[in-house]
Amino acid sequence: MLTRSCNQINRVCRYALCGALTLSLCLPVWASKKDDDYKAAQAAAAAGQNEQAMKLYCSVAKEDPSYKDAKQNCDNIKTELLKEEGRNEGRYSDGVKAFDAGDYDQAEQKFRNIRSGQYLSDAQNYLNLKIPQARKDAAARAAAAQNNNDAAMSAKFDQAVQAYNGNNFSTAQGLFGQISGKRQPDAQSYLNKILQYNQAMQDGDNHANSKDYKSAVDGYTQAASIKADGPGNPQSKISQMRSLMASESTPLSTPTPANNNPPVNHVVAAIVEPSRPKLDIDKLMRDADAAKKKGDIGTAKGKYMAILSENPANAAAKAGLESLPKDSNAVASADADRMLANGIGEFYKGAYEEAEVHIKDYIELNGGKSALAYFYRAASKLTRYYLGGEKPDQKKLYSDAEADFRMAKKTPSFNPPEKMVSPKIIQVFKSTS
C-alpha cells in the first residue's frame, strides 16, 4: 500500500516536472513571436499600411495587454482608421459626383486618394474600368460632333464660294464669316480677297470721278488681279479709262496717215472676244500635281498656267510652278494657251499693259505658241506707242516691238493674223528683219 502511494506520488512529480520544463522551453518562443509581430506592425505603420499594422498591434495586445504600447497603438490606429473611413466616404461621394458631371480628372484624383477601407474596391473599379471607358466614349462623341461640324462647315463653305463666284459678295461675306474649324483659314482668305477687291474698286472709282484716269486704271487693275470678272466689271472700266486717256492725249483733228491705214484705236473696238467655258480648277490642280509626280513637266507646267490664267492669285498653282525644275526646257502643254488667250483678249479690250504681263509669263514659261505670243506682245507695245502720239520718249516701245517681231519670225511656219490687227502693225512686222 505504501509502495503504491509512493509510485503515484512519483508519477505526479514526474508530470509536474515535465510541465514546468515545457513551460520553460515555450516562453522564449512565445516572447520572440510577440517581438516579431510588434516589429512587423511598426513596419506596416511606417509604410502606411494601417489596417495591417492595427491587426498586428491588436494581436500582440490580445496575447499580452502589458507588452510595450501594443494596446495603445492598436486603439490609436483603430481611431485613425475610423476617421480615414469618414474621409474616404467624402472622397468617394465627391468622385462619383465629378464622374457623373463628366469631370474625369477630378474624379480620378478623388478616387486615387482612397487607399483603404470599404470604398477602396469601388474606387479602383472607377479608376480601372469606368473612367477609361467614359473617356473613350467622350472622345468618340467629340469626334462624331467634330465630323458633323466639319460637314456642315464644308457645305456652308461651298455655298459661300458659289456666292463669291456669282459676284454676290454680300452673301458670300456673311457665309464665310460663319465658317469655323478646318475651313476657317480658307474662308478668311476669301474674306480678305473681298475686302481688297472692294477697296481697289472704290479706289478706282474715286480716281475716275476726279478724272485721274491713270490712277483709276491702277485701282481697277488691282481689283481685276483679284477677280477679273468681279462686281462692277473692272476689265470694262480699265478699257473705259484707257479710252478716256487716249481721247485726252489725241488731237481733235487727227491727220490721216500717208499710207491711208486706219488708226490703231479703231481696230480695238472691232474685235469681239469669244466666250470660253469655265475651268474646273480643282481637276486641273489634281492633274497638274499628278503630272509633276510622274515627271511630266510640260503637262504639269501647262495645267498650272491654265489655273493662273483663271485665278492669277492662286497660291497653290504658283507654288506648283515654283517647284518644277528650273533647268527644264519642257514646252508647256496646250492647257497653257489659256494664259495666252487671256493676254490677247486683254489686248483687244485695250488693257495693253496687262496683256503684256500675261503674254510675258506665257513666253517665260515656254508656252507652245511662242511666235504668236511674241507677235501680240509686239502689237500691244506698238499700239501703246501710236496711241501715245509716237513721242520720242516712247521710242523704246517701238524698238521693243521690233525685237519681239524678230523672235516671232524665228518660227518659219508662223503667219501673223493680218485681219485681226491694224495694217500699220502688219507693216512694221513685215519690215522688221
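How many salt bridges does the count come to? The count comes to 26 salt bridges. The model shown in these views is predicted.

**View A. The buried residues of helix H6.** Helix H6 spans residues 169-176, and within it Phe-169, Ala-172, Leu-175 and Phe-176 are buried. These residues lie on the same side of H6, because they cover an arc of only 125° around the axis. An α-helix has 3.6 residues a turn, so residues three or four places apart point the same way. The packing partners of the buried residues of H6 are helix H5 (120-165) and helix H7 (184-209).

**View B. The largest nonpolar core.** This core has 47 residues. Those with the most contacts inside it are Tyr-304, Phe-347, Phe-375, Tyr-376, Leu-382, Phe-405 and Val-421. Among the elements that give two or more residues to this core are helix H11 (281-294), helix H12 (297-310), helix H14 (337-349) and helix H18 (423-431). H16 gives the largest share of this core, ten residues.

View C. With neighbours within four places in sequence left aside, Phe-347 is in contact with Tyr-352, Ala-355, Tyr-376, Ala-379, Ser-380, Thr-383 and Val-421.

View D. Glu-108 and Arg-112 meet through their side chains in a salt bridge, at 3.7 Å from N to O. Both residues lie in helix H4 (residues 104-112), four residues apart, about one turn of the helix. Arg-112 is partly exposed, with a relative accessible area of 49%. The two residues belong to a network of salt bridges that also links Asp-105 and Arg-135.

**View E. The salt bridge between Arg-338 and Glu-310.** The closest N and O atoms of this pair are 3.4 Å apart. Arg-338 is buried, at a relative accessible area of 15%, whereas Glu-310 is partly exposed, at 28%.

**View F. The salt bridge between Asp-337 and Lys-369.** Here the closest N and O atoms are 3.6 Å apart. Asp-337 lies in helix H14 and Lys-369 in the loop between H15 and H16, so the pair ties together parts that are 32 residues apart in sequence. Asp-337 is buried, with a relative accessible area of 18%. Lys-369 counts as partly exposed, at 45% relative accessibility.

Technical notes
Residues numbered from 1 in each chain as written. Predicted model: local features only at pLDDT ≥ 70, side-chain atom pairs only at ≥ 80, totals over all residues. Heavy atoms only, no water. Buried < 20%, exposed > 50% of the residue type's maximum accessible area, 1.4 Å probe, protein only. Arc of directions from axis to C-beta. Contact = heavy atoms within 4.5 Å. Core = buried A, V, L, I, M, F, W, Y, C linked by side-chain atoms within 4.5 Å. Salt bridge = Lys/Arg side-chain N within 4 Å of Asp/Glu carboxyl O.
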